[in-house]
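Dear colleague,

I am handing over the structure below, and I would be grateful if you could look through it alongside the notes that follow.

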Amino acid sequence: SIAIYILDKNKKISNHYIIVLKKILLAVDKIFKDYTLKSKFKFQDAFYFYIVNDFYYYPGFKSYIAKKSFQNLNKNFKSMKEEIKREGFSQIETNLLTNRSYFNWEIDFRWFFKKAILKSENISYSTTNNDY
C-alpha cells in the first residue's frame, strides 16, 4: 500500500517520498538477504515469487535512485526465471508466469483507500453481527 501511495499520477516517485522509496528498497533487499525459502525452489515459494515478480514491475524502481537495488532485484528475477525453465517449463510457460505483475500498479491511491475503507467496514460489520 505504501508503494502505491508514493507514486504520482505519472507512476513516478513523488520527490516528497524519496526516503520512503529508500526504505522500500531496503525492505526488498532484506528479503533477498535474509528470507528462508519455504520450498525447494524460489518460484514455488509464493511469498518470494510475488515479491520478486511484482516489485520487478513496480514503476517506482525504474527511477535513477533505485538503480543499485533494482540490479539486485533484476538478478533475483532472472535467477527465478532460469530456475523455472530448468524445472521443465517451456519459455512460453515461463513467460506466462512472469511477464507481468500480479499486483495492479496502475491503481491510484483513491481507489486503494476506498477498498481499504470498504474492507474495514465489512470486517466491523461481520464481527458485530456474528450469530456465533
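Of the 132 residues in the protein, buried residues make up 37%; please keep in mind throughout that this is a predicted model. The accessible surface comes to about 9,400 Å², and 56% of that area belongs to carbon and sulfur atoms. The protein has 6 helices and 0 strands, so that its pattern, followed along the sequence, reads α-α-α-α-α-α. Among the contacts between residues at least 6 apart in sequence, 61% join residues that are at least 24 apart.

On the interior: in soluble globular proteins, nonpolar side chains tend to be buried together. Here the largest nonpolar core has 29 residues, and those with the most contacts inside it are Phe55, Tyr58, Phe61 and Leu73. The elements that give two or more residues to this core are helix H1 (2-5), helix H2 (18-34), helix H3 (46-56) and helix H4 (67-86), with the largest share, 7 residues, coming from H2. Leaving aside residues up to four places away in sequence, Tyr58 touches Ala3, Ile6, Leu7, Ile13, Leu21 and Trp105.

On the aromatic residues: a search of the whole structure finds 15 aromatic pairs. In one of them, the rings of Tyr35 and Phe47 have their centres 5.0 Å apart and their planes at 40°, so the pair is tilted. Because Tyr35 lies in the loop between H2 and H3 while Phe47 lies in helix H3, this pair ties together parts that are 12 residues apart in sequence. Tyr35 is partly exposed, with a relative accessible area of 23%, and Phe47, at 42% relative accessibility, also counts as partly exposed. The pair formed by Phe41 and Phe43 is stacked, because the ring centres are 5.8 Å apart and the planes stand at 20°. Phe41 is buried, with a relative accessible area of 15%, and Phe43 is buried as well, at 14%. Ring pairs also link Phe32, Tyr35, Phe47 and Tyr48 into a cluster.

One backbone detail remains. Most residues other than glycine have a negative phi. Lys11, although it is not a glycine, has a positive phi of about 65°. The place of Lys11 is in the loop between H1 and H2, and Lys11 counts as buried because its relative accessible area is 17%, the cut-off for buried being under 20%.

With best regards

Conventions: Residues numbered from 1 in each chain as written. Predicted model: local features only at pLDDT ≥ 70, side-chain atom pairs only at ≥ 80, totals over all residues. Heavy atoms only, no water. Core = buried A, V, L, I, M, F, W, Y, C linked by side-chain atoms within 4.5 Å. Buried < 20%, exposed > 50% of the residue type's maximum accessible area, 1.4 Å probe, protein only. Helix = DSSP H or I, 4+ residues; strand = E, 2+ residues; numbered from the N terminus. Contact = heavy atoms within 4.5 Å. Areas by Shrake-Rupley, 256 points an atom, 1.4 Å probe, with all protein chains shown as cover. Phe/Tyr/Trp six-rings, centres within 6.5 Å; stacked < 30°, edge-to-face > 60°.
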